[in-house]
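Here is a short briefing on one protein chain. Have the sequence and the 3D view open while reading.

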Amino acid sequence: MPEDIITVFGASGRQGLAQVRQLVACGYRVRAVTRSPDTYSSANLTGVTAVFADYNDTSSLVRACAGSRGVFFTHPMFEDALHVNSHIARVATAAKEADVERLVYNTSSWVPDTPCGEPNYDGNLAREDIFAASGTPFTIIRPVLFMDNLLTNWVKPGLIHEGLYRYPHKATMCANWICLDDVAKFMIAALKRDDLAGERIVVGGPQALSPLDIAEALSQAIGKPIRYQYITPRKYGELMYDLFKHVSPLSREDYASALDAFYIYNNEQDGLPFQVDMAPVLRRIPVKLTPFSDWAKQQDWTLRKAGPSGG
C-alpha cells in the first residue's frame, strides 16, 4: 500500500471529502487542508491529519505542501471567488517551493482547450494555465457534471417534498453525470502516471442521460414518482443566490445574470460541455465508473441528512 502523503486543499468540502475518502481507501496518508478542522476531528479516518492554511499566506501553503508527494486542489466555488486566481497562483508557488512531484487540479467543470466566450469556462481555462506555468508537474481533471449535485440544498428538498427534479437543462439535453468519488479515482490515477503529466482530461460518467432519464432513475431509487420540471436559467440563478448570498461577493443581479448566461450557453450548445465519450479515456485510465442508477440507489433520500450547499 502507498505510504505517500497527499495534501488535499478544500478537504472539508463535498469534493474534498470524496478525495480524502478515496485516498484513504488506497492507503495514502492524507493532509487535509481545511478551515473547518472539526470536520475531521470526529471523522475517525485513519491516516488523515487536518491542518489549517490561508490562501493569502504563501508560507502557510508551503507548510501544507511540504513533504507531500502530491497535491489535490479544487478551487473554492463561492467564498473568495473574486480572489481565486491569486489563490491558485499562491498554491502553485507553494507546490513548486515544496518540490511536490504532482499537482492534480480538479476544475469542477468542463473546460475548453481554447477560449469559447463563456466567462466561467474561460475563467477555468485561465486558472489551468496558472498551474501549467508554475513549473510543477501537473495533471488537470475536468469533470463535466456531478451526480452529487442532486443531494444539495438546491435540488434535494424539491425531490423529497414535491416529487420534482428541477434543473435548468432543456428536456432533450443529455449529460454524462459522474459521482465525486469517481472523479477522485481519476485524480488518484494521475499521481504516479508519468504519461499523464501535463494532461488535461475531460471525465464523465458511463452514460449520457437526459433529464427525463434522471427523473426515472430517481423515481426508482427514492421509491415514488419524480417528475422533471425545467427551471429557467434566470430563476435558477436567483434561487442559487438566495442560498449563497452569505458567501457570494456578487450582488443578486450580477450573480443571477452570470448563472443565467452560463446555462443559456449550455442549452444553446445542446449540453455538449456536459458530454464526453469515455471509451478512449477508460482505455487509458481504467476506472470502474458508477452508473447513475446505482449511485442513486446508494444515497440517503431523507432530509435528516441534508447535503451541503456547495464546495
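Predicted model: local features only at pLDDT ≥ 70, side-chain atom pairs only at ≥ 80, totals over all residues.

The protein chain has 12 helices and nine strands. Its 311 residues would give a compact globule a radius of gyration near 19 Å, and the chain agrees because it has 19 Å.

**Overall build**
- The C-alpha trace spans about 50 × 40 × 40 Å along its principal axes.
- Buried residues account for 53% of the 311 residues.
- Of the contacts between residues at least 6 apart in sequence, 76% join residues at least 24 apart.

**Surface and charge**
- Side chains number 31 positive and 34 negative, with the centres of the two sets 5 Å apart.

**Helix α3**
- Helix α3 covers residues 58-65, and its buried residues are S60, L61, V62, A64 and C65.
- The cover over the buried residues of α3 includes strands β1 (5-9), β2 (29-33) and β4 (70-74), along with helix α4 (84-97).

- Most residues other than glycine have a negative phi.
- D99 has a positive phi, near 60 degrees. D99 sits in the loop between α4 and β5 (102-106). Its relative accessibility is 64%, so D99 counts as exposed.
- S108 also has a positive phi, near 70 degrees. S108 lies in the loop between β5 and α5 (119-132). Its relative accessibility is 15%, so S108 counts as buried.

Terms used:
Residues numbered from 1 in each chain as written. Heavy atoms only, no water. Buried < 20%, exposed > 50% of the residue type's maximum accessible area, 1.4 Å probe, protein only. Helix = DSSP H or I, 4+ residues; strand = E, 2+ residues; numbered from the N terminus. Contact = heavy atoms within 4.5 Å. Rg over C-alpha atoms; globule rule 2.2 N^0.38 Å. Lys, Arg positive; Asp, Glu negative; His and termini not counted. Charge placed at Lys NZ, Arg CZ, Asp CG, Glu CD.
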